[in-house]
Amino acid sequence: MGFQVGDKIIYPNQGVGEIRGVCSRCVGGQDHNFYLVELISSQSTVMVPVANVNNVGMRKLCSEAQVKSLFEILASDCTEPDPDWKTRYKINLEKMNSGEVCEVARVLKNLFLLSFRKSLSFREKKMFDRARQLVVSEIATVRRQEFDEALEQVEEILTVSYRQAGSNGASPVAD
């Protein structure tokens with residue numbers, strides 16, 4: 001998968017970035033090509049080896065159709081999460097590290113709804129904040145919206161999902 005200068009990308013667990021250039025460096029006596037990626041949220045630049053793009057999970061932004069799928073995930077029915085926070089955290093961490101926005105959206109929904117049932121641990125609260133930032137920033141970038149506008153949409157969908165779960169007699173917790 002080749003990227004061009006100016007392409008917006010997703011760098012797993014870091015969020016939206018932009019390819020600012022391609023450079024060559026000698027590492028271990030061999031020349032390697034690197035993408036220079038500016039991460040939007042931190043305004044920092046990382047060098048990603050071109051040959052290692054698939055291994056690190058760097059990908060293009062999702063499509064508008066995938067954004068619609070994200071909203072469907074956020075609005076979908078709820079199921080009971082693992083009651084053991086360590087197991088739940090490990091599962092959520094794997095989803096976060098996958099770089100797949102739909103998996104990150106599932107983590108966001110799970111932790112959002114779980115937060116109404118009980119206080120999230122410090123680690124889960126951090127993960128919730130990170131998942132929200134990753135999902136909302138990708139939606140905002142794809143739809144060319146302000147972050148706050150996309151955040152409002154996501155929170156509205158999650159709130160409606162929570163209320164529906166409670167009104168159906170179901171336990172308001174996501175999968």
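Predicted model: local features only at pLDDT ≥ 70, side-chain atom pairs only at ≥ 80, totals over all residues.
A residue counts as buried when its relative accessible area is under 20%, as exposed when it is over 50%, and as partly exposed in between.

## Overall architecture

The protein chain contains six helices and five strands. Along the sequence these elements follow the order β-β-β-β-α-β-α-α-α-α-α. Taken along the principal axes, the C-alpha atoms of the protein chain fill a box of roughly 60 × 35 × 25 Å. Of the 175 residues in the protein chain, 39% are buried. Contacts between residues at least 6 apart in sequence have also been examined: 58% of them join residues at least 24 apart.

## Cysteines

How many disulfides does the structure hold? The number is zero. C26 takes part in no disulfide, and the nearest cysteine sulfur, that of C23, lies 12 Å away. C26 counts as exposed because its relative accessibility is 56%, and the cut-off for that class is over 50%.

For C62, the closest cysteine sulfur belongs to C102, at 7.5 Å, which is too far for a bond. A disulfide would require the two sulfur atoms to be within 2.5 Å. With a relative accessible area of 6%, C62 is buried.

## Packing of the helices

Two helix pairs are described here, and helix α4 (residues 101–117) belongs to the pair it forms with helix α5 (residues 122–143). The axes of α4 and α5 are 9 Å apart, and the helices pack at an angle of about 130°. This angle makes α4 oblique to α5. The crossing of the two helices is left-handed. On the α4 side, the contact is made by V101, V104, A105, V107, L108, L111, F112 and L114. On the α5 side, E124, M127, F128, A131, R132, L134, V135 and E138 take part. By class, the residues of this contact comprise 13 nonpolar, no polar and three charged.

Helix α4 also meets helix α2 (residues 64–75), and the axes of this pair come within 9 Å and cross at roughly 25°. Helix α2 is therefore roughly parallel to α4, since angles under 35 degrees fall in that class. The crossing of α2 and α4 is right-handed. Helix α2 contributes L70, I73, L74 and A75 to the contact, while α4 contributes V101, C102, A105, R106, L108 and K109. This contact has eight nonpolar, no polar and two charged residues.

V101, A105 and L108 of α4 are named in the contact with α5, and V101, A105 and L108 are also named in the contact with α2.

## Individual positions

Q43 has a positive phi of about 50° although it is not a glycine. Q43 is situated in the loop between β3 (30–39) and β4 (44–49). R144, likewise a residue other than glycine, has a positive phi near 55°. Its place is in the loop between α5 and α6 (147–167).

| Residue | Relative accessibility | Class |
|---|---|---|
| Q43 | 65% | exposed |
| R144 | 76% | exposed |
| N97 | 44% | partly exposed |
| G17 | 0% | buried |

N97 is part of helix α3 (residues 85–98). Which residues does N97 touch, when those up to four places away in sequence are not counted? They are P12 and N13. N97 and N13 are 84 residues apart along the chain, and their C-alpha atoms are separated by 6.1 Å.

G17 lies in strand β2 (residues 15–27). Is G17 buried or exposed? At 0% relative accessibility, G17 counts as buried. Leaving aside neighbours within four places in sequence, G17 is in contact with D7, K8, I9, V37, E38, L39 and I40. D7, one of these residues, is 10 residues from G17 along the chain, and the C-alpha atoms of the two are separated by 8.4 Å.

Notes:
Residues numbered from 1 in each chain as written. Heavy atoms only, no water. Buried < 20%, exposed > 50% of the residue type's maximum accessible area, 1.4 Å probe, protein only. Axes fitted to C-alpha atoms, helices over the stretch in contact; angles between N-to-C directions. Helix = DSSP H or I, 4+ residues; strand = E, 2+ residues; numbered from the N terminus. Parallel < 35°, antiparallel > 145°, perpendicular 65-115°, else oblique. Left-handed = near helix turned anticlockwise from the far one by under 90°. Contact = heavy atoms within 4.5 Å. Nonpolar A, V, L, I, M, F, W, Y, C, P; charged D, E, K, R; others polar.
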